[in-house]
Protein chains: 4
Amino acid sequence: MNYQKLITEVYGDVQQMGLCGKVASYIPELASMNVEKFGISLITTDGTVYEVGDTYEKFSIQSISKAFTLAMVFATEGENLWKRVGVEPSGNPFNSLSQLEYENGIPRNPFINAGALVVTDIIRTKSEVPLEDIIKYIHSLANSNTIASNKKIALSELKNSSRNKALAYFMKSFGNIESRIDKLIETYCYQCAIEMTCTELAQAFLLFANHGKNPTTREQLLTTSQTKRINAIMQTCGFYDEAGEFAFKVGLPGKSGVGGGIAAVLPGKFSVVVWSPGLNQKGNSLKGMKALELLTTKLGSSVF
Amino acid sequence: MNYQKLITEVYGDVQQMGLCGKVASYIPELASMNVEKFGISLITTDGTVYEVGDTYEKFSIQSISKAFTLAMVFATEGENLWKRVGVEPSGNPFNSLSQLEYENGIPRNPFINAGALVVTDIIRTKSEVPLEDIIKYIHSLANSNTIASNKKIALSELKNSSRNKALAYFMKSFGNIESRIDKLIETYCYQCAIEMTCTELAQAFLLFANHGKNPTTREQLLTTSQTKRINAIMQTCGFYDEAGEFAFKVGLPGKSGVGGGIAAVLPGKFSVVVWSPGLNQKGNSLKGMKALELLTTKLGSSVF
Amino acid sequence: MNYQKLITEVYGDVQQMGLCGKVASYIPELASMNVEKFGISLITTDGTVYEVGDTYEKFSIQSISKAFTLAMVFATEGENLWKRVGVEPSGNPFNSLSQLEYENGIPRNPFINAGALVVTDIIRTKSEVPLEDIIKYIHSLANSNTIASNKKIALSELKNSSRNKALAYFMKSFGNIESRIDKLIETYCYQCAIEMTCTELAQAFLLFANHGKNPTTREQLLTTSQTKRINAIMQTCGFYDEAGEFAFKVGLPGKSGVGGGIAAVLPGKFSVVVWSPGLNQKGNSLKGMKALELLTTKLGSSVF
Amino acid sequence: MNYQKLITEVYGDVQQMGLCGKVASYIPELASMNVEKFGISLITTDGTVYEVGDTYEKFSIQSISKAFTLAMVFATEGENLWKRVGVEPSGNPFNSLSQLEYENGIPRNPFINAGALVVTDIIRTKSEVPLEDIIKYIHSLANSNTIASNKKIALSELKNSSRNKALAYFMKSFGNIESRIDKLIETYCYQCAIEMTCTELAQAFLLFANHGKNPTTREQLLTTSQTKRINAIMQTCGFYDEAGEFAFKVGLPGKSGVGGGIAAVLPGKFSVVVWSPGLNQKGNSLKGMKALELLTTKLGSSVF
């Protein structure tokens, strides 16, 4: 397979479509992103890198960070994790409280905000320096030491964190959060404000394409079975209430973020990251969704 | 891969676990099924059949029929279908009305009852003999002419169809059902009462493992893309509110029924059907779920 | 108190406001009502009648009929009635299914459609001629034998009864409906299509202002306590999801219908009926709501 | 009417029923209340006081404080208040978040916790010393200067305030809270921890029986219309999801608290307070509910 040709074609086709979308507007730092940016990085499990477009520019990974924190916590907690968070799709927006209420403070899955807060809560209760640990983990996966959290974005998110605080206090009222809420939300905002390039992110996501092996060190961070399970959760829950749509059109496990990034894997074959800040109405990158749909269509291959 | 050894091992391991479950009890005909029954049929895309246990006994396919009616309708309607039914997981039990209310009579996906009723409604509006057409379609896929609907079961279901009638009238009030409700429910009950053996069902499900080709005639019934999409929907929505759990533990697209059958595929490789009438609390075959979990674990292979 | 002066003033004030509203449009027979019609009848517990405007024209009482069927059934069933229907406000539109689902087929109160269907179901199971019995009951209360159901309206409602059929089948699935659904819905549609004048309706509603005595025959149809309770339910549940608003602005127990009628009582003092077919967004008569608000304000008296 | 005889009879009848209930257990200070306590104070609009039982013991008024803060805010804000909080019954438990979500952060009414938080938020934004102002207002109504907030209870509530913080942050995310959340919750907890005797509370509640006049100073604090409206809201929303039941059985506007108090009024006639710490499953005083039901039954008089 000529992956370079493939992603170049996809890139060109998407560019011609004149898709635009809207950048996230809830904080000024994201609102000022250049909606024209567009990059694709694909890395095969043997480590070969294919790139096109703006693949060397750092962007805010936002919710994609949830895949890394989930991997960290699943490795240490094992099946116990599922006592505090479920694995079912939510059928609701990412920050909904209703379902959480009917289900007594146990979030539906680790990718809705409530579930991600539980995951970060676990990291916090095990570590003195939770944010450092998260960044160190991503450093190691991405084989890069220039990865950092953008403080300005983090602080701006903190100012707009009422909904997440509501979720956290609500779960605390059910006994499913241990941390102090202000500290938890702080770690969470800094985690979401981590910035990476397409290629760094694709490198780090090889973990999930590679049966749980650290793509750089070859260390087995997750068992094959754990990796399979995280992929299953990404497939069914990785795109808010557009998860079915993504499975339907793209057919790869993946995770998106409001920074405009989407990271996905074809297990055993490759990881792929698309970045373009213009979002569709569900909060997923418009060009990114289309690019991945074209990619699996042209490739004639998806998990299905 | 020695598939015969694989399914024989899985069969033996599951039998030793002493799992039991409860047969469906809402109609006497299902309640009287022998909970001890257990069979596995696996058929590779080259047509080789592997079997163990009670694979030659007919059982009620129930909701698994929804995969066939979806395939029929998707082939003729194409993308228009999605105006009347969604592709998102529901996060609710299979016969819930609440979500249907918030979403104005458009069912979340074709595998919850409301969505399956819309699909059958479309078949009815195109055909004078909808049930015959459904059975003929399955005949052709399964290469068997002994497949029929069990009238006694169908009539018993009809007597217990208040909830489905409520769903149908509710959607009609939103303009999303065209048929007369009594006729629609009748067709639907007969469709669910179709009986097949594990091997017949696995043969028919090769369609989804085989990029949309009729496994017998090699006729292309669905495009590659349509097949991928049905698989994606089975993955995210095929197991009621246990879809995430199934994706998580098994990692194959599939569809279950309260008759105790589960049909699944590893695209490009094989279809597999497990039948055991004892159900877990979510209404999925207890032994069936466990058998498929073991199968993909031993196989070291799933879609993820 | 000069009630004639009071209602004449109220009538004049409301007319000057140029309120309009929209007539109910879901069936042609209601859609063709003259939106200009407006009448007020007030009858004190001593039987004196005060009228202004279109008080001699028959209109479709629609949901106001639910107050009469509730009175009939409460008198015969007593407290047992509350096993099958609640007395709490719903906080939802009149034909919502969601709450019914969470509460296992027991409607919140007898004035949402689901609850009224249960009430009519009880009448049906006790009588060979349920509609005749309902009409006879109203005849007796209103001291008029020209009250009848409008067949054309009833049949038109029947054609548009999918939502009510959904409610009925849904409750049947929980065992809370005994009648055949088609028969139940037929009785219900005919009951809603009963036509009365403002004055006839006010006469009949004296029952609730008069501690349960038939205003004409002086027969005690309901105990004082039962009457108090029906008034309480009218107060908290009589105006769909505008019940609080009505209690807040008007402060009288009452019941409205989409035909544009509102019947209310000041217990121990009077009954009052306002009719004007233009509805507000919640489905209550726009002029009627305003007239009753002015009436209690000018009167300086409400239940509060 | 011999009110002394009436309440003494009611008191005796209820004592003989052997009702018990459970004291609120979420904080130790309430959990340690003596479940045997029981008092009734009734004060007519001319100021005559009738008492029986434990009417001179201070108890925690809890949610009954919401009636006073509502009165304070309604007097200053007028109709503008209703832009930030509704007047409809909720049909849900007092601390539910689901409805708040569907209605974009506007609480259904001022008596569910979310609505009471909005009311206290308004007081906070107008005053440097909000708690003092609330207590001063109650002092003036009750003509007593021994009324204070119990600091131990307030601090204990603060420790258990995760759910209320969740509600507050959630509304803040919709822009419907202005205060700092920690300060708001603090004021709210101190307000709920105010302690009064039955007689003090009945004295203060005369405001609502007396068309808005301060029962002590005769100052007109609320207009007649505003008083009517607060009574209407108490009637439809004052008892959580038992409001309909209370209207149905008792038929008086009133407000209950988890400290076991219930305050109610018969407008133009009297206020009445019942206190007994044993609660029913809905969180309302078991003896209190029964006492008021008997009282209006024996009296043959309610608002209905």
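These are my notes on how the chains of this structure are arranged and on a few places inside them.

**Entry 1: what I am looking at.** The model is predicted. I kept that in mind throughout, and I began with the relations between chains.

**Entry 2: chains D and C.** I superposed chain D on chain C and found a rotation of 180° with 0.0 Å of shift along its axis, at an RMSD of 0.0 Å. The two copies are thus related as by a two-fold rotation axis. I then compared the surfaces used, and 100% of the contact residues of chain D recur in chain C, so the same surface serves both copies.

I looked next at what each side brings. The contact takes 33 residues from chain D and 33 residues from chain C. On the side of chain D that touches chain C, the elements giving two or more residues are helix H11 (224-237) and helix H12 (243-249) of chain D. H11(D) gives the most to that side, with 10 residues. Sorted by class, the side of chain D that touches chain C holds 12 nonpolar, 15 polar and six charged residues.

**Entry 3: chains A and D.** I repeated the exercise here.

**Entry 4: pairs without contact.** I checked two further pairs. Chain A and chain C are joined by no contact, and their closest C-alpha atoms lie 10 Å apart. Chain B and chain D are likewise joined by no contact, with closest C-alpha atoms 10 Å apart.

**Entry 5: two helices of chain C.** I turned to helix packing within one chain. The axes of helix H3 (residues 65-77) and helix H11 (residues 224-237) of chain C come within 11 Å and cross at roughly 145°. I recorded the crossing of H3(C) and H11(C) as right-handed. From H3(C), the residues C:Ala67, C:Leu70, C:Ala71, C:Phe74 and C:Ala75 meet C:Gln226, C:Ile230 and C:Met234 of H11(C). The residues of this contact divide into seven nonpolar, one polar and no charged.

**Entry 6: the nonpolar core.** I looked up the largest nonpolar core, which has 420 residues. The residues with the most contacts inside it are A:Phe205, B:Phe205, C:Phe205 and D:Phe205. I followed one of them, B:Phe205: leaving aside neighbours within four places in sequence, B:Phe205 is in contact with B:Ala263, B:Val265, B:Ser271 and B:Val273.

**Entry 7: B:Thr45.** I found B:Thr45 in the loop between strand S1 (39-44) and strand S2 (49-53) of chain B. Leaving aside neighbours within four places in sequence, I listed the contacts of B:Thr45 as B:Leu206, B:Ala209, B:Asn210, B:Gly268, B:Lys269 and B:Phe270. I also took one distance: the C-alpha atoms of B:Thr45 and B:Ile7, 38 residues apart along the chain, are separated by 16 Å.

Definitions and conventions: Residues are numbered from 1 along each chain as its sequence is written. Chains are lettered from A and ligands numbered from 1 in the order in which they are written. This is a predicted model: local features need pLDDT of at least 70, side-chain atom pairs count only at pLDDT 80 or more; totals for chains, interfaces and linings use all residues. Copies are superposed by least squares on the C-alpha atoms of residues with pLDDT of at least 70 in both. Two residues are in contact if their C-beta atoms, placed from the backbone, lie within 7 Å. A nonpolar core is a set of buried Ala, Val, Leu, Ile, Met, Phe, Trp, Tyr and Cys residues joined through C-beta atoms within 7 Å. A residue is buried if 20 or more other C-beta atoms lie within 10 Å of its own, exposed if 12 or fewer, and partly exposed in between; C-beta atoms are placed from the backbone. Helices (H or I, at least four residues) and strands (E, at least two) are DSSP runs, numbered from the N terminus. Ala, Val, Leu, Ile, Met, Phe, Trp, Tyr, Cys and Pro count as nonpolar, Asp, Glu, Lys and Arg as charged, and the others, Gly among them, as polar. Axes are lines fitted to C-alpha atoms, for helices over the stretch in contact, and angles run from 0 to 180 degrees between N-to-C directions. A crossing is left-handed if the near helix is turned anticlockwise from the far one by less than a right angle, and right-handed if clockwise.
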